[in-house]
Amino acid sequence: MKKQEIPVLGMSCAACALSVEKTLQKHAGVKNAQVNYANHAAVVEWEEDTVSLEELRDSIDRAGYELMIDAILREDLEKLHQEAFTQLKQNTWRAGILAFPVFIIGMFGMHWPYADWIMWTLTTPILLIFGRQFFTHAYKLARVGQVNMDTLVSLSTGVAYIYSTFNTFYPAFLTDRGLEAHVYFEAAAVIIFFILLGKTMEASAKAGTGKAIQQLMDLQPKLVTLIRDGKDVELSIEDVKKGDLIRIKPGQTIPVDGVVSEGSSYIDQSMLTGEPVPILRQTGDQVFAGTINQQGSFVFESTAVGKSTLLAKIIQSVKNAQASKAPVQKLVDKVAGIFVPVVMGIAVLSLLIWGFSGVEDSWLRGMLAFITVLVIACPCALGLATPTAITAAMGKAAQLGILIKDAETLEKGTKIDTLVLDKTGTITEGKPVVAESWWATHASEQDKQAIYTLETYSEHPLAMALVEHLQEMGTTSMNAFDSITGKGLIGKTTNHTYKIGNKAWGSGESLGPVSAIQELEQKYPTASLIYASKDDQLIACFAIQDTIKSTSKTAIASMQAAGLEIHMLTGDQANTAQAVGKEVGIQHIQSGVLPHEKGAYIQELKNKGKKVAMVGDGINDSEALSLADVSIAMGKGSDLAKEVASITLIHGDLSSISTALKLTKKTVRIIRQNLFWAFIYNIIGIPIAAGLLYPFFGFLLNPMLAGAAMALSSVSVVSNSLRIRGVV
């Protein structure tokens, strides 16, 4: 049994993914097939002895799609998807330009000179060029015994176009029999444009989903410096094996997981822990792929390579989480699977009943009934039901500083009862600042200038906070400078030696006025204390902390009042996490957690039956964001978090979450109303179009009225979607 992810080309909607999935699952030997329209890929599990990849590819080719079983570069695949999306957008606006005058003439200028010929001229390229995909897909699906929305679109528009073309070239055929030679070009043209528009909006919402995976992959360097026989050798990352010794220089990204065997350095692990302060890694400490070395140099022994690294596991978790479908779209797919063949059956049945009825011009009336049924049953409103509501919701949300990615988020947002918050950058600002400083009474202006000058030599985030705090002090000349890993900085002027760093390094021979230091510790329990000394005598102490956002406490209280259970996860130490939790009123707190532990925590909550929303801002949150029912990223966070997340808060304000959840509830309610209106016209209109009222009232629905009813259903759907603008 083999399992593999394989790219699929040619899919333009979720129904296409369903068709590919069904085609794969029909094969003997295929245990499971799941097609993800979001990343245009199929995860297939099959028995190699029973069926080959080539056979699966041939089946998909016959269905009108392309299974990319040959190796292809990720960059080339992204380029192919972008070209297809660009072509779809071009077809949409070109069809719209031509459809507008056809609609105007069809509705208000039917009796203008050469009106039919003008409409035929404009409609022909809409169907045969810009909307050609519907006909080709429908034909290929028919060859493998499948139908979808493309089938009904191609039948209804195709029959209306052929009938109208015949009446344009040979109007006397009907007029000689006392019937008017109506044309329905506007119905065919507008239907194609609206369906293209719906597909474009859907594709636009899905565009860029694959960037999340790409950004994760780009964290891993392509070249590595290995130590072989005592010499440094630069090789490809694919050549790295478990147990290899790897040298890491200042500024380099760590390629694989391992344990430090020689040297020490500060490592920026923010992609894992989310904490902005680099962590000291010494002999025996673990390092992880994707993290960034700062100033030091060290050697480590690889313990996990390839798919075994923590980074690779995060990538796989994000891929798995993306392989989901919106519940609303699943409903539409199921209904369409029944709706299309039923409508086709009713249309054919109408033709036959009228044809054999014996009434005057029976077969002509039968053909009109056939066309009318297909026109009135066109799934234009069904195709617009979800995307128009989503577009309106996204527009309103954007005005409120909220970006929503897709329909799945909207539906799941209505059920959320548990909210999990990352600490750094979500509840807090995510940037260390000096909260307060203390200077000894004997500290001179020259001492302050010396401390400021010393800090300007360092690139440590805490040093940057001090530089920003002390920048008005001015500089002084420094004769010597050194950075002591794990301790701090030392510098010498002509007459004095200055140190700044942790308590053991920078406090001098004594802590001096202990009461002042204790006050800082008590006042700022979440802060890091940095000490400065002059000739081993304490002269200053700085409390540096990541401050809590001004809106966090109020927003959390508001969400708790609305019934949400709030949790906080952080890679920070326990005392800091507890202090922040106490400040903002959160009882459920987990500290010191790594990305996979965050993901496990989310999964545990879901296993208990909770509907979980996760809020984060860093690469370290990507797995947890992917596993949550609804994922929310802060606007100032990493690009990856925003790509993975289904909701992005542009202003990084937690108070926007309540608004976002309220918006999801109203949007889903409107989507369901739209689906109702999309079908009610068909439920009422199809029997009338087939001639149900003729035996009782002598009334046979004109295809023109059927086209108007179809248009009215679309107008109802769009108008209903616009009500979302009323959400506050």
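Strands here are DSSP runs (E, at least two residues) and helices are DSSP runs (H or I, at least four residues), both numbered from the N terminus; two strands pair if DSSP finds at least two bridges between them. The model is predicted: local features need pLDDT of at least 70, side-chain atom pairs count only at pLDDT 80 or more, and totals for chains, interfaces and linings use all residues. Residues are numbered from 1 along each chain as its sequence is written, and side-chain values use heavy atoms, with hydrogens and water left out.

- S14 is joined by three bridges to strand S26 (residues 647-649), and the two run antiparallel.
- Within this pairing, Leu649 of S26 is the bridge partner of Ile402.

**Nonpolar cores**

- A nonpolar core is a set of buried Ala, Val, Leu, Ile, Met, Phe, Trp, Tyr and Cys residues joined through side-chain atoms within 4.5 Å. Buried means under 20% relative accessible area, exposed over 50%, and partly exposed in between (1.4 Å probe, protein chains only).
- In general, nonpolar side chains of soluble globular proteins tend to be buried together.
- The largest core of this model has 46 residues, and those with the most contacts inside it are Ile126, Ile192, Phe339, Val343, Leu374 and Ile686.
- Two or more residues each are given to this core by helix H3 (74-108), helix H4 (115-130), helix H6 (149-169), helix H8 (185-206), helix H12 (327-355), helix H13 (362-376) and H26. H8 supplies the largest share, eight residues.
- Another core, of 41 residues, lies apart from the largest one and includes Ala385, Leu419, Val584 and Ile657.
- Ile686 is in contact (heavy atoms within 4.5 Å) with Phe339, Val343, Ile346, Val373, Ile376, Ala377 and Tyr681, not counting residues up to four places away in sequence.

**Thr165 in helix H6**

- Thr165 is found in helix H6 and counts as buried, at 16% relative accessibility.
- A polar atom of the Thr165 side chain lies 2.7 Å from the backbone oxygen of Tyr161.
- Leaving aside neighbours within four places in sequence, Thr165 is in contact with Trp120 and Phe185.

**Strand S7 and its surroundings**

- S7 pairs with strand S13 (residues 298-304) in the antiparallel sense, over four bridges, and Ile248 stands opposite Phe298 in S13.
- Gly296 is found in the loop between strand S12 (292-293) and S13, and is buried, with a relative accessible area of 18%.
- Although Gly296 and Ile248 are 48 residues apart along the chain, their C-alpha atoms are separated by 8.6 Å.
- Not counting residues up to four places away in sequence, Gly296 touches Ile248, Lys249, Pro250, Ser264 and Ser265.

**Positive phi values**

- Most residues other than glycine have a negative phi.
- Asp229, in the loop between strand S5 (223-228) and strand S6 (231-236), has a positive phi near 55° and counts as exposed, at 80% relative accessibility.
- Asp536, in the loop between strand S20 (528-534) and strand S21 (537-548), has a positive phi of about 65° and counts as partly exposed, at 30% relative accessibility.

**The chain as a whole**

- The chain has 28 helices and 26 strands, and 52% of its 728 residues count as buried.
- Among contacts between residues at least 6 apart in sequence, 68% join residues at least 24 apart.
- The chain exposes about 32,200 Å², of which carbon and sulfur atoms supply 55%; accessible areas come from the Shrake-Rupley method with a 1.4 Å probe, and for residues only the protein chains shown count as cover.

Technical notes. Polar contact = N/O pair within 3.5 Å; in protein donor to acceptor, adjacent residues only side chain to side chain.
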